Amino acid sequence: MNKSNTPTNEKIMIPLRLPPDIYHRMMDEVQKKKKDERGYSVNQYLTDILTNDLEGKKK
């Protein structure tokens with residue numbers, strides 16, 4: 001589900017390299033959230049983390 005209301009063609013793709021243990025922990029978190037929120041994805045998880053961090057630094 002697209003929560004940002006940004007069209008897909010306007011989004012910026014970035015490569016991401018993660019160690020296997022971090023990747024598996026991240027996928028566990030995404031799977032937990034997916035149970036409660038249909039359509040939740042890795043992209044949404046990363047967007048949420050970045051948005052919360054950057055908004056916190058604005059203040």
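Entry 1, helix packing. I looked up how helix α1 (residues 20-36) sits against helix α2 (residues 42-58), and found an angle of about 100° with the axes 10 Å apart. Angles of 65 to 115 degrees count as roughly perpendicular, so α1 is roughly perpendicular to α2. I note that this is a predicted model.

I asked which residues of α1 and α2 meet. From α1 I listed M26, M27, E29 and V30, and from α2 I listed V42, Y45 and L46. I sorted the contact of α1 with α2 by class and got six nonpolar residues, one charged residue and no polar ones.

Entry 3, a salt bridge. I searched for salt bridges and the count came to one. E29 pairs with K32, and their closest N and O atoms are 3.4 Å apart. I then checked where the two lie: E29 and K32 are three residues apart in helix α1, so about one helical turn separates them.

I read off a volume of about 720 Å³ for the largest pocket. It is lined by 20 residues, and I wrote down K11, I12, N43, Q44 and T47 as the closest to its centre. By class, I recorded 10 polar, eight nonpolar and two charged residues in the lining of the largest pocket.

Terms used
Residues are numbered from 1 along each chain as its sequence is written. This is a predicted model: local features need pLDDT of at least 70, side-chain atom pairs count only at pLDDT 80 or more; totals for chains, interfaces and linings use all residues. Side-chain values use heavy atoms; hydrogens and water are left out. Axes are lines fitted to C-alpha atoms, for helices over the stretch in contact, and angles run from 0 to 180 degrees between N-to-C directions. Helices (H or I, at least four residues) and strands (E, at least two) are DSSP runs, numbered from the N terminus. Angles under 35 degrees count as roughly parallel, over 145 as roughly antiparallel, 65 to 115 as roughly perpendicular and the rest as oblique. Contact means heavy atoms within 4.5 Å. Ala, Val, Leu, Ile, Met, Phe, Trp, Tyr, Cys and Pro count as nonpolar, Asp, Glu, Lys and Arg as charged, and the others, Gly among them, as polar. On a 1 Å grid over the protein atoms alone, a cavity is a set of points where a 1.4 Å probe fits but cannot get out, and a pocket is an open set with protein on both sides within 12 Å along at least five of seven lines; lining residues have an atom within 4 Å of a point. Grid points are joined across faces, edges and corners, and a volume is the space filled by probe spheres set on the points. A salt bridge is a side-chain nitrogen of Lys or Arg within 4 Å of a carboxyl oxygen of Asp or Glu.
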